[in-house]
Amino acid sequence: MQNHTAHLVLEDGTVFTGRSTGAPGVGAGEACFTTAMAGYEESVTDPSYVAQVLCFAYPLIGNYGVDPARHESERVQCEGVVARTLRPGFAGWLAEQGTVALDDIDTRALVRRIRDAGVLRCALGEADPEELLARALAEPPIDGRPLERRVGTVEPFTVGVGPRVTLVDLGCKRSIPGRLAAAGLEVHVVPSEWDAHAILATEPRAVLVGNGPGDPSVLDGPIDMVRGLLGRVPLFGICLGHQVLGLALGLETFKLHFGHRGANHPVRDLRSGRVLVTVQNHGYAVSAADAELVTYVSLNDGTVEGLAGEDFASVQFHPEAAPGPLDALPFFEEIAAACRRAPIFARS
(Lines give C-alpha, C1' and ligand atoms only; values in the text may rest on other atoms or scores of the structure.)
Protein backbone atom coordinates (compact mmCIF):
# COMPACT_ATOMS: atom_id res chain seq x y z
CA MET A 1 0.00 0.00 0.00
CA GLN A 2 1.28 3.44 -0.99
CA ASN A 3 1.58 6.25 1.58
CA HIS A 4 2.92 9.04 -0.61
CA THR A 5 1.52 12.52 -1.01
CA ALA A 6 -1.03 12.61 -3.82
CA HIS A 7 -3.61 14.98 -5.26
CA LEU A 8 -7.06 15.04 -6.77
CA VAL A 9 -7.54 17.90 -9.24
CA LEU A 10 -10.93 18.94 -10.63
CA GLU A 11 -11.25 20.31 -14.14
CA ASP A 12 -11.90 23.79 -12.71
CA GLY A 13 -8.40 23.70 -11.18
CA THR A 14 -9.43 22.96 -7.58
CA VAL A 15 -6.75 20.85 -5.87
CA PHE A 16 -7.25 18.44 -2.95
CA THR A 17 -4.15 16.96 -1.31
CA GLY A 18 -4.01 13.65 0.55
CA ARG A 19 -2.21 10.28 0.57
CA SER A 20 -1.97 7.61 -2.10
CA THR A 21 -3.20 4.39 -0.45
CA GLY A 22 -4.11 2.34 -3.52
CA ALA A 23 -2.29 1.44 -6.71
CA PRO A 24 0.38 3.75 -8.16
CA GLY A 25 -0.37 5.74 -11.28
CA VAL A 26 -3.07 8.19 -12.31
CA GLY A 27 -6.82 7.71 -12.58
CA ALA A 28 -9.30 10.02 -14.29
CA GLY A 29 -13.04 10.25 -14.76
CA GLU A 30 -16.15 12.10 -13.74
CA ALA A 31 -16.08 13.00 -10.04
CA CYS A 32 -19.12 11.82 -8.11
CA PHE A 33 -20.01 11.03 -4.51
CA THR A 34 -22.11 8.53 -2.60
CA THR A 35 -23.77 9.25 0.73
CA ALA A 36 -23.90 5.54 1.70
CA MET A 37 -22.38 4.77 5.11
CA ALA A 38 -21.72 1.10 4.23
CA GLY A 39 -21.62 -1.14 1.17
CA TYR A 40 -18.31 0.12 -0.13
CA GLU A 41 -17.54 -3.24 -1.76
CA GLU A 42 -20.83 -3.25 -3.66
CA SER A 43 -20.31 0.36 -4.68
CA VAL A 44 -16.84 0.11 -6.20
CA THR A 45 -17.74 -3.10 -8.09
CA ASP A 46 -21.03 -1.69 -9.47
CA PRO A 47 -20.64 -1.41 -13.27
CA SER A 48 -22.67 1.82 -13.19
CA TYR A 49 -19.52 3.55 -11.84
CA VAL A 50 -17.50 2.98 -15.04
CA ALA A 51 -15.65 6.17 -16.10
CA GLN A 52 -16.22 7.78 -12.68
CA VAL A 53 -14.08 8.57 -9.66
CA LEU A 54 -16.04 7.72 -6.53
CA CYS A 55 -15.83 9.85 -3.40
CA PHE A 56 -17.30 8.43 -0.19
CA ALA A 57 -18.99 11.17 1.83
CA TYR A 58 -18.97 9.01 4.97
CA PRO A 59 -15.59 9.54 6.67
CA LEU A 60 -14.54 5.94 7.50
CA ILE A 61 -14.52 3.38 4.70
CA GLY A 62 -13.30 -0.21 4.78
CA ASN A 63 -13.86 -0.92 8.47
CA TYR A 64 -15.43 -4.38 7.99
CA GLY A 65 -13.00 -5.80 5.46
CA VAL A 66 -13.53 -7.24 2.00
CA ASP A 67 -15.82 -10.19 1.20
CA PRO A 68 -15.98 -11.41 -2.44
CA ALA A 69 -19.57 -12.53 -1.86
CA ARG A 70 -20.55 -8.86 -1.72
CA HIS A 71 -19.02 -7.92 -5.06
CA GLU A 72 -21.44 -6.83 -7.80
CA SER A 73 -19.07 -7.71 -10.65
CA GLU A 74 -15.73 -9.42 -11.17
CA ARG A 75 -13.61 -6.33 -10.50
CA VAL A 76 -13.50 -2.72 -9.34
CA GLN A 77 -15.33 -0.67 -11.95
CA CYS A 78 -14.70 2.95 -10.93
CA GLU A 79 -11.58 4.77 -12.12
CA GLY A 80 -10.52 5.83 -8.63
CA VAL A 81 -11.62 5.95 -4.99
CA VAL A 82 -11.45 8.91 -2.60
CA ALA A 83 -12.19 8.92 1.15
CA ARG A 84 -11.38 10.73 4.36
CA THR A 85 -10.05 7.49 5.92
CA LEU A 86 -9.51 4.20 4.08
CA ARG A 87 -8.85 1.21 6.32
CA PRO A 88 -5.68 -0.71 5.31
CA GLY A 89 -7.45 -3.94 4.33
CA PHE A 90 -9.76 -2.24 1.86
CA ALA A 91 -7.01 0.07 0.57
CA GLY A 92 -4.72 -2.92 0.05
CA TRP A 93 -7.43 -4.74 -1.91
CA LEU A 94 -7.93 -1.66 -4.11
CA ALA A 95 -4.17 -1.63 -4.75
CA GLU A 96 -4.29 -5.32 -5.74
CA GLN A 97 -7.12 -4.45 -8.14
CA GLY A 98 -4.97 -1.74 -9.74
CA THR A 99 -7.25 1.05 -8.53
CA VAL A 100 -5.83 4.46 -7.67
CA ALA A 101 -7.13 5.45 -4.22
CA LEU A 102 -6.58 8.50 -2.02
CA ASP A 103 -7.40 9.15 1.60
CA ASP A 104 -6.74 11.98 4.03
CA ILE A 105 -8.79 14.07 1.59
CA ASP A 106 -11.19 16.77 2.82
CA THR A 107 -14.18 14.90 1.43
CA ARG A 108 -16.65 17.35 2.97
CA ALA A 109 -15.13 20.15 0.90
CA LEU A 110 -14.98 17.94 -2.20
CA VAL A 111 -18.64 16.92 -1.92
CA ARG A 112 -19.69 20.53 -1.42
CA ARG A 113 -17.67 21.54 -4.47
CA ILE A 114 -19.37 18.90 -6.64
CA ARG A 115 -22.80 19.90 -5.31
CA ASP A 116 -22.18 23.59 -6.02
CA ALA A 117 -20.44 23.30 -9.39
CA GLY A 118 -22.19 20.22 -10.74
CA VAL A 119 -20.56 17.39 -12.64
CA LEU A 120 -16.79 17.85 -13.00
CA ARG A 121 -14.08 15.71 -14.53
CA CYS A 122 -11.05 15.00 -12.37
CA ALA A 123 -7.73 13.18 -12.17
CA LEU A 124 -6.00 11.74 -9.11
CA GLY A 125 -2.64 10.24 -8.23
CA GLU A 126 0.93 11.07 -7.23
CA ALA A 127 1.62 13.32 -10.23
CA ASP A 128 2.00 17.09 -10.00
CA PRO A 129 -1.25 19.08 -9.91
CA GLU A 130 -0.48 20.64 -13.30
CA GLU A 131 -0.16 17.20 -14.89
CA LEU A 132 -3.35 16.01 -13.19
CA LEU A 133 -5.28 19.06 -14.41
CA ALA A 134 -4.18 18.36 -17.97
CA ARG A 135 -5.25 14.72 -17.56
CA ALA A 136 -8.66 15.78 -16.19
CA LEU A 137 -9.22 18.15 -19.12
CA ALA A 138 -8.26 15.40 -21.57
CA GLU A 139 -10.83 12.97 -20.11
CA PRO A 140 -13.86 12.74 -22.44
CA PRO A 141 -17.21 13.61 -20.82
CA ILE A 142 -19.60 10.77 -20.10
CA ASP A 143 -22.27 12.45 -22.23
CA GLY A 144 -22.53 10.74 -25.60
CA ARG A 145 -20.55 7.63 -24.63
CA PRO A 146 -22.21 4.16 -24.90
CA LEU A 147 -20.44 2.80 -21.83
CA GLU A 148 -22.66 -0.27 -21.44
CA ARG A 149 -20.54 -1.97 -24.11
CA ARG A 150 -17.62 -2.05 -21.66
CA VAL A 151 -19.38 -3.97 -18.90
CA GLY A 152 -22.32 -6.02 -20.20
CA THR A 153 -22.11 -9.77 -20.75
CA VAL A 154 -20.78 -11.00 -24.09
CA GLU A 155 -22.42 -14.43 -23.95
CA PRO A 156 -25.89 -15.29 -22.63
CA PHE A 157 -26.18 -17.32 -19.43
CA THR A 158 -28.94 -18.61 -17.16
CA VAL A 159 -29.46 -18.76 -13.38
CA GLY A 160 -32.40 -20.00 -11.35
CA VAL A 161 -35.35 -22.28 -12.03
CA GLY A 162 -38.96 -21.36 -12.81
CA PRO A 163 -40.86 -19.20 -15.30
CA ARG A 164 -38.38 -17.41 -17.54
CA VAL A 165 -37.53 -13.72 -17.39
CA THR A 166 -35.01 -12.49 -19.95
CA LEU A 167 -32.66 -9.88 -18.48
CA VAL A 168 -30.97 -7.48 -20.90
CA ASP A 169 -27.52 -6.73 -19.46
CA LEU A 170 -26.46 -3.08 -19.86
CA GLY A 171 -23.99 -3.46 -16.99
CA CYS A 172 -26.18 -5.26 -14.50
CA LYS A 173 -25.25 -5.81 -10.86
CA ARG A 174 -24.95 -9.49 -9.89
CA SER A 175 -27.54 -9.14 -7.17
CA ILE A 176 -30.32 -8.38 -9.68
CA PRO A 177 -30.39 -11.83 -11.33
CA GLY A 178 -29.78 -13.23 -7.85
CA ARG A 179 -32.92 -11.55 -6.50
CA LEU A 180 -34.95 -12.71 -9.49
CA ALA A 181 -33.75 -16.29 -9.04
CA ALA A 182 -34.63 -16.08 -5.33
CA ALA A 183 -38.15 -15.01 -6.38
CA GLY A 184 -38.55 -18.36 -8.18
CA LEU A 185 -37.63 -17.38 -11.73
CA GLU A 186 -35.29 -18.68 -14.39
CA VAL A 187 -33.21 -15.67 -15.39
CA HIS A 188 -31.82 -15.72 -18.91
CA VAL A 189 -29.21 -12.92 -19.14
CA VAL A 190 -28.47 -11.65 -22.66
CA PRO A 191 -26.11 -9.03 -24.16
CA SER A 192 -27.23 -5.46 -24.75
CA GLU A 193 -26.72 -5.86 -28.53
CA TRP A 194 -29.61 -8.31 -28.88
CA ASP A 195 -32.66 -7.00 -30.75
CA ALA A 196 -36.31 -7.60 -29.97
CA HIS A 197 -36.54 -10.62 -32.31
CA ALA A 198 -33.60 -12.36 -30.62
CA ILE A 199 -34.99 -11.65 -27.16
CA LEU A 200 -38.46 -12.93 -28.03
CA ALA A 201 -36.81 -16.06 -29.40
CA THR A 202 -35.80 -16.91 -25.81
CA GLU A 203 -39.55 -17.37 -25.09
CA PRO A 204 -39.69 -15.14 -22.01
CA ARG A 205 -42.68 -14.64 -19.74
CA ALA A 206 -41.31 -11.12 -19.13
CA VAL A 207 -38.27 -8.99 -20.04
CA LEU A 208 -36.22 -6.84 -17.65
CA VAL A 209 -33.77 -4.20 -18.89
CA GLY A 210 -31.16 -3.82 -16.15
CA ASN A 211 -28.95 -1.08 -14.81
CA GLY A 212 -25.67 0.15 -16.26
CA PRO A 213 -23.44 3.17 -16.86
CA GLY A 214 -23.47 6.17 -19.12
CA ASP A 215 -25.74 8.35 -21.20
CA PRO A 216 -29.06 6.64 -22.05
CA SER A 217 -29.82 8.93 -25.00
CA VAL A 218 -27.10 7.35 -27.18
CA LEU A 219 -28.26 3.74 -26.70
CA ASP A 220 -30.04 3.48 -30.04
CA GLY A 221 -29.93 -0.31 -30.15
CA PRO A 222 -31.47 -0.94 -26.70
CA ILE A 223 -34.07 1.82 -27.29
CA ASP A 224 -35.15 0.21 -30.58
CA MET A 225 -35.16 -3.19 -28.86
CA VAL A 226 -37.54 -1.92 -26.16
CA ARG A 227 -39.80 -0.32 -28.78
CA GLY A 228 -40.00 -3.72 -30.47
CA LEU A 229 -40.99 -5.41 -27.20
CA LEU A 230 -43.64 -2.95 -25.98
CA GLY A 231 -47.07 -4.56 -26.15
CA ARG A 232 -45.67 -7.99 -26.97
CA VAL A 233 -44.36 -9.12 -23.57
CA PRO A 234 -44.49 -7.70 -20.00
CA LEU A 235 -41.57 -5.27 -19.81
CA PHE A 236 -39.65 -3.94 -16.78
CA GLY A 237 -36.68 -1.64 -16.26
CA ILE A 238 -34.24 -0.75 -13.47
CA CYS A 239 -32.12 2.44 -13.44
CA LEU A 240 -30.56 2.72 -16.92
CA GLY A 241 -33.23 0.28 -18.09
CA HIS A 242 -35.88 2.67 -16.73
CA GLN A 243 -34.31 5.51 -18.73
CA VAL A 244 -34.16 3.39 -21.91
CA LEU A 245 -37.83 2.50 -21.45
CA GLY A 246 -38.68 6.19 -21.04
CA LEU A 247 -36.87 7.04 -24.28
CA ALA A 248 -38.63 4.18 -26.09
CA LEU A 249 -41.96 5.65 -24.93
CA GLY A 250 -41.07 9.00 -26.50
CA LEU A 251 -39.97 10.75 -23.29
CA GLU A 252 -36.68 12.59 -22.85
CA THR A 253 -33.75 12.23 -20.47
CA PHE A 254 -31.45 14.86 -18.99
CA LYS A 255 -28.27 14.97 -16.94
CA LEU A 256 -28.64 15.71 -13.23
CA HIS A 257 -26.58 18.49 -11.65
CA PHE A 258 -24.57 16.03 -9.56
CA GLY A 259 -26.51 12.76 -9.60
CA HIS A 260 -28.22 10.56 -7.01
CA ARG A 261 -25.92 8.07 -5.31
CA GLY A 262 -26.37 6.47 -1.91
CA ALA A 263 -28.60 4.22 0.16
CA ASN A 264 -30.87 6.79 1.82
CA HIS A 265 -32.87 8.42 -0.99
CA PRO A 266 -36.61 8.84 -0.24
CA VAL A 267 -39.15 8.36 -3.04
CA ARG A 268 -42.93 8.60 -2.90
CA ASP A 269 -45.22 6.01 -4.46
CA LEU A 270 -47.87 8.25 -6.05
CA ARG A 271 -50.38 5.41 -6.11
CA SER A 272 -50.32 4.57 -2.40
CA GLY A 273 -48.68 7.64 -0.84
CA ARG A 274 -46.11 5.38 0.79
CA VAL A 275 -42.52 6.66 1.06
CA LEU A 276 -39.69 4.23 0.29
CA VAL A 277 -36.06 4.74 1.30
CA THR A 278 -34.06 3.54 -1.68
CA VAL A 279 -30.64 2.74 -3.10
CA GLN A 280 -29.69 4.98 -6.03
CA ASN A 281 -26.80 5.35 -8.47
CA HIS A 282 -27.52 7.44 -11.54
CA GLY A 283 -26.45 10.67 -13.21
CA TYR A 284 -29.38 10.99 -15.65
CA ALA A 285 -33.15 11.13 -15.20
CA VAL A 286 -36.33 10.83 -17.24
CA SER A 287 -38.34 13.95 -17.99
CA ALA A 288 -41.99 12.91 -18.13
CA ALA A 289 -44.65 15.35 -19.31
CA ASP A 290 -47.29 12.61 -19.10
CA ALA A 291 -48.03 12.49 -15.38
CA GLU A 292 -50.28 9.44 -15.82
CA LEU A 293 -47.22 7.28 -16.52
CA VAL A 294 -45.31 8.43 -13.41
CA THR A 295 -45.51 6.10 -10.39
CA TYR A 296 -42.66 7.33 -8.14
CA VAL A 297 -41.01 10.71 -7.57
CA SER A 298 -37.92 11.72 -5.62
CA LEU A 299 -38.66 13.61 -2.43
CA ASN A 300 -35.26 15.30 -2.68
CA ASP A 301 -35.71 17.03 -6.03
CA GLY A 302 -39.02 15.88 -7.55
CA THR A 303 -37.46 13.93 -10.42
CA VAL A 304 -39.22 10.92 -11.93
CA GLU A 305 -38.38 7.65 -10.15
CA GLY A 306 -40.82 5.27 -11.79
CA LEU A 307 -43.06 4.69 -14.80
CA ALA A 308 -45.88 2.23 -15.44
CA GLY A 309 -48.46 1.37 -18.06
CA GLU A 310 -50.66 -1.54 -19.03
CA ASP A 311 -47.77 -3.86 -19.90
CA PHE A 312 -44.65 -2.17 -18.47
CA ALA A 313 -43.19 -0.83 -15.23
CA SER A 314 -39.82 0.64 -14.34
CA VAL A 315 -37.99 2.18 -11.40
CA GLN A 316 -35.05 4.58 -11.31
CA PHE A 317 -33.84 3.28 -7.94
CA HIS A 318 -32.23 -0.09 -7.17
CA PRO A 319 -34.71 -2.55 -5.61
CA GLU A 320 -32.07 -5.26 -5.10
CA ALA A 321 -30.85 -3.42 -1.96
CA ALA A 322 -27.16 -4.17 -2.44
CA PRO A 323 -26.31 -2.34 -0.33
CA GLY A 324 -29.15 -0.58 1.43
CA PRO A 325 -32.73 -0.74 2.65
CA LEU A 326 -35.21 -3.43 1.62
CA ASP A 327 -38.21 -1.14 1.01
CA ALA A 328 -38.24 -1.69 -2.78
CA LEU A 329 -37.76 -5.47 -2.85
CA PRO A 330 -41.43 -6.05 -3.82
CA PHE A 331 -40.55 -4.88 -7.35
CA PHE A 332 -39.03 -8.32 -7.93
CA GLU A 333 -42.23 -9.96 -6.74
CA GLU A 334 -44.07 -7.79 -9.26
CA ILE A 335 -41.84 -9.20 -12.00
CA ALA A 336 -42.31 -12.75 -10.70
CA ALA A 337 -46.09 -12.31 -10.60
CA ALA A 338 -46.07 -11.09 -14.21
CA CYS A 339 -44.04 -14.14 -15.22
CA ARG A 340 -46.48 -16.49 -13.51
CA ARG A 341 -49.48 -14.79 -15.16
CA ALA A 342 -48.09 -14.43 -18.68
CA PRO A 343 -48.32 -17.24 -21.23
CA ILE A 344 -45.13 -18.62 -22.71
CA PHE A 345 -44.33 -16.44 -25.70
CA ALA A 346 -44.98 -18.30 -28.93
CA ARG A 347 -42.66 -17.32 -31.76
CA SER A 348 -44.52 -16.35 -34.92
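The structure is a predicted model in which local features require pLDDT of at least 70 and side-chain atom pairs count only at pLDDT 80 or more, whereas totals for chains, interfaces and linings use all residues. Residues are numbered from 1 along each chain as its sequence is written, and side-chain values use heavy atoms, with hydrogens and water left out.

Helices (H or I, at least four residues) and strands (E, at least two) are DSSP runs numbered from the N terminus. Helix α3 spans residues 107-117, and its residues T107, L110, V111 and I114 are buried (under 20% relative accessible area, with exposed meaning over 50% and partly exposed in between; 1.4 Å probe, protein chains only). These residues lie on the same side of α3, because they cover an arc of only 95 degrees around the axis, the arc being that of the directions from the helix axis to the C-beta atoms. The other side of α3 carries the exposed residues R108, R112 and D116. Among the elements that cover the buried residues of α3 are strands β1 (4-10), β2 (15-20), β3 (26-34) and β15 (252-269), where contact means heavy atoms within 4.5 Å. After α3 comes G118, with a positive phi near 90 degrees.

In helix α5 (residues 175-182), the buried residues are S175, I176, P177 and L180. They pack against elements including β11 (164-169), β12 (186-191), β14 (235-238) and helix α9 (330-341). G184 follows α5 and has a positive phi, near 90 degrees.

Helices α7 (residues 220-229) and α8 (residues 240-248) pack with their axes 8 Å apart and at an angle of about 65 degrees. Axes are lines fitted to C-alpha atoms, for helices over the stretch in contact, and angles run from 0 to 180 degrees between N-to-C directions. The angle makes α7 roughly perpendicular to α8 (65 to 115 degrees; under 35 is roughly parallel, over 145 roughly antiparallel and the rest oblique). At this pairing, P222, I223, V226 and R227 of α7 meet V244, L245, L247 and A248 of α8.

With a disulfide defined as a pair of cysteine sulfur atoms within 2.5 Å, the count comes to 0 disulfides. C122 is in no disulfide, and the nearest cysteine sulfur, that of C32, is 8.6 Å away. C122 is buried, with a relative accessible area of 0%. C239 is likewise in no disulfide, the nearest cysteine sulfur being that of C172, 10 Å away. C239 counts as buried, at 1% relative accessibility.
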